[in-house]
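Please have the structure open as you read.

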Amino acid sequence: MYLKRILFVLSILLLSNSISIAQQTGVLKGQVRDAVSKELLPGATFQLLSNLAKGTVTDIDGNYSMVLDTGYHKLVCNYIGYVPDTFSIHIAANAIAEKNIQLKVVGKFLETIVVSSGKFDQKLEEMTVSMEVIKPALINNKNTTSVETALEQVPGLTIIDNDPQIRGGSGFTFGVGSRVAIVVDGIPLLSGDAGRPEWSYIPVENIEQIEVIKGASSVLYGSSALSGVINVRSAYPRSKPKTVINYSVGNYSVPPSPAENWYNKSLPAFTNLNFLHSRIVKNNLDVVVGANVNVDQGYIGPPPPAPYMPVDLQNALLITDSIPTFSNQDMLKIRGRMNFNLRYRSKKITGLNFGINGNGMLNKTNMVFAWYNDSLGLYKGYPGAVFLEEQKIFNLDPFIKYNNGRGVSHSLTTRIFHTDNFITNNQSNTGTLYYGEYQLQRNFKDLDFNFTGGVVGSMATSYSQLYASSGTPNNTISNASGYLQVDKKFWHILNMSGGFRYEYFKMNTQQSVVAPIFRAGASLQLFKGTFVRTSYGQGFRYPTITERFISTKAGLFGVFPNPDLKPETSKSFEVGLKQGFKIKGLMGYIDVAGFYQKYENTIEYLFGVWDPAVSLVGFKFLNTGDSRVRGVDMSMVLSTNESNKKFGVTALLGYTYVEPVSLTPDSIYATTKSIQPGQPGQQLSYKNSSMDTTDNILKYRFKHMIKADLEFKLFTKFGLGFSYRYYSRMQNIDKAFTEIEQLTHDASPYLAEIKAVDYWKTHDGFHIFDARASFQMNEKQKLSLICNNLLNTDYSLRPLKIESPRTIALQYVLTL
């Protein structure tokens with residue numbers, strides 16, 4: 001009996017001891033810093049490679065600690081924008097092991113980290129789609145006061161009078177219904193009623209980088225991403241406070257001959273002030289405050305007074321409104337903008353952060369839709385085609401995000417975006433966009449697998465007499481969608497991606513529309529620095545309130561509604577090669593892609609006689625059939641090693657060829673009305689509405705584009721930069737311009753003649769050169785001289801609109 005008890009006690013003691021031995025642990029702790037600046041890095045993640053569910057995140061002071069079993073372990077430390085560090089450590093029983101990590105910033109090009117393609121961190125070379133990345137240096141060096149001027153240097157991207165075009169995927173529609181999604185930190189920033197980008201509203205003073213996706217991207221970014229995405233990523237504070245003051249002043253040169261100098265022996269000037277301050281308050285509150293003030297006389301002068309017109313002729317031409325006259329002072333543009341970013345990183349819950357971002361702008365500006373004529377009047381507005389505008393715009397973006405440090409993250413981002421536009425000639429409108437998105441991401445590190453899923457809801461409300469053709473000036477468009485994307489890596493060399501989105505749209509009481517959208521892609525690393533990719537994506541764009549219901553009139557011309565306008569869709573396919581290189585101190589990559597895009601129910605803005613009882617002629621948004629765009633897109637990015645302090649070069653070069661054609665050139669898509677009562681109208685097709693139908697080329701596209709930007713660093717303190725852009729001749733425009741010219745000619749001298757066709761016929765492409773020089777006075781101060789349109793070329797990217805003559809600006813930057 002006693003022996004049994006002794007054996008039982010011994011067995012309990014032995015079991016207890018074995019359990020104690022099995023559960024012996026130690027502690028691993030340390031700090032994570034930037035290898036160069038020595039800044040602490042809060043939010044860096046650690047994962048145990050033998051059990052990826054076990055990990056931790058550095059706190060607000062860059063410190064970390066985790067309990068591990070005794071023995072040898074292998075861990076990986078990750079931080080956005082830095083090269084991961086994998087290390088081994090031995091943990092002794094009841095002991096503390098210390099391991100401090102210093103992470104290096106990724107290489108400039110082949111290790112650039114982007115988020116736009118999959119909404120999670122990826123290396124640029126492993127992308128399955130074509131993407132260009134614009135760094136802050138290019139934005140600052142070009143004295144960018146509005147972000148579209150920097151975007152003009154992106155290969156394959158053109159901005160035509162506020163309209164972004166990617167690889168010829170859209171024509172020209174006066175900025176309405178963008179086929180390219182404009183997002184700031186992943187949240188859409190297009191006006192809710194017109195789908196129009198407000199470029200000057202984007203805070204250029206606080207940009208981390210700009211990512212441009214080429215090709216249909218509706219799976220992750222929704223309706224507007226028919227041709228691609230422009231994602232502006234904001235910068236957050238580092239451990240050291242930063243203050244930047246950027247001031248510039250300059251003027252426009254006298255327009256080149258034969259254009260008339262409307263300046264009256266003066267040179268119109270402009271001035272711009274940017275301010276940025278960012279810091280971390282009490283180790284866990286990120287604060288960014290920015291501001292901008294811009295005053296610009298502009299290079300387009302006020303229109304001459306409209307000629308006197310007898311009352312009987314006014315009645316015959318249905319001109320019922322008076323045409324205002326404007327002065328130079330009326331054309332003066334004044335803009336003030338303020339923005340802030342607040343992010344609180346929780347001390348109690350590691351990986352939790354929440355905050356609110358905001359932006360607001362007051363903007364006095366103008367819109368010039370047509371020049372006075374195509375010779376002496378290039379730099380003057382046409383009477384009745386100039387509108388003064390006063391804008392009040394703001395957005396508030398509350399958000400909350402959580403990362404558990406073991407591959408699971410949740411985010412809820414929201415936005416209220418309000419626009420209030422007072423525009424002369426009864427063109428005013430107000431609108432509010434409400435947006436919310438929940439997203440879940442799960443990274444299975446041991447499987448090299450990433451899941452992204454989310455739900456999105458948005459509602460845009462608008463009030464304007466412009467849209468009263470719907471039956472009321474109050475209009476609403478609602479959207480709900482769900483999406484998912486999976487990304488899997490095989491054998492460390494093959495990335496595969498696939499995604500799905502389901503869209504629901506409803507405008508007012510019209511029948512709702514649903515649309516499933518798919519995408520797929522793959523990227524394969526063939527050799528070190530050699531990557532091939534292929535991708536397929538679908539796009540879907542629902543018409544805006546403006547496109548369906550706008551009804552207005554200015555002088556001789558009207559704009560007419562089309563409530564039956566259908567959504568347009570696209571399919572995009574591409575094959576690409578990215579080749580990295582390093583030659584001594586020079587490194588970079590060359591990217592070549594062939595692409596094929598097909599569009600159905602293409603929406604265009606067309607001229608005709610739509611309702612002669614309201615206006616003799618005017619414009620209307622119409623579905624014009626199917627089209628196809630195919631071509632080749634090439635780019636090269638290179639830079640010297642940063643270790644060379646005395647000399648350096650950075651370059652972005654690109655060439656794009658597109659072949660945009662109509663697939664239904666003879667299809668009748670609308671019938672106009674006749675000015676003469678009882679007479680039949682005209683049936684419209686691509687063939688009879690185009691100026692040049694050779695090869696069925698679409699309107700308002702450039703078949704060839706060349707972009708180049710080079711920046712040289714000389715003797716540590718000096719910088720020299722050059723930019724070049726080439727646009728081939730726009731082969732096809734609307735035939736309606738000949739009709740407009742004839743109509744205004746017949747009414748002359750009581751109506752100023754509109755001239756556009758001769759300019760289009762006689763200009764065979766444009767070569768535009770920019771130049772800049774800088775001097776780094778000391779670590780904190782920099783002085784630059786920037787000259788855009790160096791040769792003072794008169795050039796036009798769309799009919800009836802001249803681009804800026806030469807500008808010369810002096811820029812001073814103070815960084816504290």
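How many nonpolar, polar and charged residues does the lining of the second largest cavity have?

1. By class, that lining has 16 nonpolar, 13 polar and five charged residues. Please keep in mind that this is a predicted model.

2. For context, searching the whole structure turns up 12 cavities of 30 Å³ or more. The second largest cavity has a volume of about 510 Å³. Its lining is made up of 34 residues, and the closest to the centre are Pro188, Ser223, Ser224, Ser458 and Phe505.

3. At least two lining residues come from each of strand S14 (180-184), helix H4 (218-221), strand S25 (429-444), strand S26 (449-463), strand S27 (474-490) and strand S28 (494-507). S26 gives the most, with four residues.

4. Now to an open space: the second largest pocket holds about 290 Å³. Its lining counts 19 residues, and those nearest the centre of the pocket are Phe607, Gly608, Val609, Gln682 and Glu739.

5. Which elements give two or more residues to the lining of the second largest pocket? They are strand S35 (603-608), helix H7 (686-689) and helix H8 (736-746).

6. Sorted by class, the lining of the second largest pocket has eight nonpolar, seven polar and four charged residues. For the second largest cavity, the corresponding numbers are 16 nonpolar, 13 polar and five charged.

Key:
Residues numbered from 1 in each chain as written. Predicted model: local features only at pLDDT ≥ 70, side-chain atom pairs only at ≥ 80, totals over all residues. Heavy atoms only, no water. 1 Å grid on protein atoms, 1.4 Å probe; cavity = no way out; pocket = protein on both sides within 12 Å on 5 of 7 lines; lining within 4 Å. Points joined across faces, edges and corners; volume = space filled by probe spheres on them. Nonpolar A, V, L, I, M, F, W, Y, C, P; charged D, E, K, R; others polar.
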